[in-house]
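These entries record what I looked up in the structure. I kept them in the order in which I worked.

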Amino acid sequence: MRWALVKVSLAVTAMVVVAFAVPLGLVIREMARDRAFSNAEREAAAVAPALSITTDREQLERVVASAGSDAGMAVHIPAPGAGSGAGRTGGATDIGRQRASDADIAAVRTMGRASTTEVGGGSTLLQPVALSSGQIAVVEVYVPESEVTNGVGTAWAVLAAVGAALIVGSVAVADRLGVRMVHPARRLVEGAHELGEGKLGARVPVAGPDELRCAAVAFNSMADQVVQLLANERELAADLSHRLRTPLTVLRLNAASLGHGPAAEQTRAAVEQLEREVDTIIRTARDAKPQTAAAGPGAGCDAAEVVRERMGFWSALAEDEGRKWRVAGADRPVRIPVARTDLAASLDALLGNVFRHTAEGTAFAVDLHNGEDAVIVLVSDAGTGIADPEAAMARGRGSGTDGSTGLGLDIVRRMAESTGGDVRIGSSVLGGTEVRIWIQLDGRTAPVRRGHRGTVRRRGQSRRQAQAQAQAQAQASASAPAARAGRAR
């Protein structure tokens, strides 16, 4: 906007200066010419009274010398008895240096009025004067070109300086006006970016033109409302989470009475984990400062360890329901820039969907593929699949069944997108649904290991090629003998 105003002001001022300065410069040149010839007419008029009285050469020479100069003035007196239209004849008197031609002098005698003619180095004024004898004498006054243009160059230089000053002044004023508008607009943009990054204290100074002042007031009001809405949501989330403490207490007491055994221990561990998750939700909801900082270089977790841990948890329920399951690629450490709790929550959401939306006895698998710049987690099942993957990814839509809120896949999506990755839903090699989580490593490369069961994306390999390789390895893992599934458990 600032440069646009400067360009418009420069163009408009330049056009105005040209429109006025060029005609004014031409008028000044004409005025200088008129001034030079007016002086010549006055010099010629000073000789006319003497010519009307006498034609004596000596007297006329004195008059010419007093009126002008012999080099600039000449008097042409026809010979006695010659007609008014006669040219140079014997007995004619010429005083001073003649520059005009005889034809021009004769034409002036014939017309009886003054005229100008161009000569070398300038112009001459030919002024007819009636003598006492009735004949016509011609007074010639030389006007050099320097006298015609005297002062024109200076006047044009002044006009050019004034025009340049006007242009510079208009550009400076336009630039100041642009700064007055651009700075508040930039502050408004910066405030919007800060608010979008989670800095809820971002506000914009109310300054600048009326329109930008109104925009700043509206932005600050919107920011206040956002802060209030977020505070209300945090309080509501904390209150709702706090209400879960009562049924959790009952579950914990009931779990304590289950006795001993793997199922009882896993149930008590699940209740304890649920209590920790509820406490975390309450503390996060009560915290008024949003966490907007990016994870540091040392942040993250071992994806293989988290996969083994969560599959160990869900394996008990899988055995109860008669489901075959398989884990691939989790036998070696795989570092990812994701918090342990976030990855565990994402896996629980996907595995929970498998148990919730597929029939008992349906097989499922989790494959972990480690590449140079990304890690792929595949969660697949042998169910009926998802008819509308886009609708399933929509936040809060769910499947319409009891216990389906539609937030599980959104949790997974936000976890993947926080690293620059994404989530895709497709058909698995088992015949059902496959959820592919692409976790970007931010340029950090993982070493290539021989015999690794995960896919490796080599340099120059596109994402589509890496995905195809992951699918092929998942299909190869699915066709392995059932003994491998038993060892994985």
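**Entry 1. Salt bridges**

I began with Arg340 and found it in a salt bridge with Glu309, their closest N and O atoms lying 2.4 Å apart. Arg340 belongs to helix 10 and Glu309 to helix 9 (residues 303–321), so this pair ties together parts that are 31 residues apart in sequence. I note that the model is predicted.

I then looked up accessibility for the two partners. Arg340 is partly exposed at 34% relative accessible area, and Glu309 is likewise partly exposed at 38%.

How many salt bridges does a search of the whole structure find? I recorded 12. Two others I examined individually. Arg413 pairs with Glu417, with 2.9 Å between the closest N and O atoms. These residues are 4 apart in helix 12 (residues 408–417), which means that about one helical turn separates them. Arg413 is partly exposed at 23% relative accessibility, and Glu417 is partly exposed at 42%.

The side chains of Arg176 and Asp175 also meet in a salt bridge, at 2.9 Å from N to O. Is Asp175 buried or exposed? I found a relative accessible area of 15%; because the limit for buried is under 20%, Asp175 counts as buried.

**Entry 2. Helix 5**

I compared the span of helix 5 (residues 152–196) with expectation. Its 45 residues reach 64 Å from the first C-alpha to the last, close to the 66 Å expected at 1.5 Å a residue. After the helix comes Gly198, which has a positive phi near 100 degrees.

**Entry 3. Nonpolar cores**

I next looked up the largest nonpolar core and counted 40 residues in it; Ile336, Leu343 and Ile437 have the most contacts inside it. Helix 10 (residues 340–357) contributes the most to this core, giving 8 residues. Apart from it lies another core of 21 residues, among them Ala36, Val64, Met73 and Leu131.

I listed the contacts of Ile437, leaving out residues up to four places away in sequence. Those it touches include Leu350, Val375, Ile376, Val377, Val412 and Met415.

**Entry 4. Strands**

Which residues lie on each side of strand 1? Met73, Val75 and Ile77 are on one side, with Ala74 and His76 on the other, and all are buried. In a regular strand, side chains alternate between the two faces of the sheet. With 5 of its 5 residues buried, strand 1 (residues 73–77) is therefore largely enclosed by the rest of the structure.

I then checked the pairing of strand 1. It pairs with strand 5 (residues 136–144) in the antiparallel sense over 4 bridges, and with strand 2 (residues 93–95), also antiparallel, over 3 bridges. His76 stands opposite Val138 in strand 5, while its bridge partner in strand 2 is Asp94.

Strand 3 (residues 115–119) and strand 4 (residues 122–130) are antiparallel as well, paired over 5 bridges. Ser115 has Leu126 of strand 4 as its bridge partner. The hairpin of these strands has 2 residues between them, and Gly121 there takes a positive phi near 85 degrees.

**Entry 5. Cysteines**

How many disulfides does a search of the whole structure find? I recorded 0.

Key: Residues numbered from 1 in each chain as written. Predicted model: local features only at pLDDT ≥ 70, side-chain atom pairs only at ≥ 80, totals over all residues. Heavy atoms only, no water. Disulfide = S-S within 2.5 Å. Pairing = 2+ DSSP bridges. Buried < 20%, exposed > 50% of the residue type's maximum accessible area, 1.4 Å probe, protein only. Expected span 1.5 Å × (residues − 1). Core = buried A, V, L, I, M, F, W, Y, C linked by side-chain atoms within 4.5 Å. Contact = heavy atoms within 4.5 Å. Salt bridge = Lys/Arg side-chain N within 4 Å of Asp/Glu carboxyl O.
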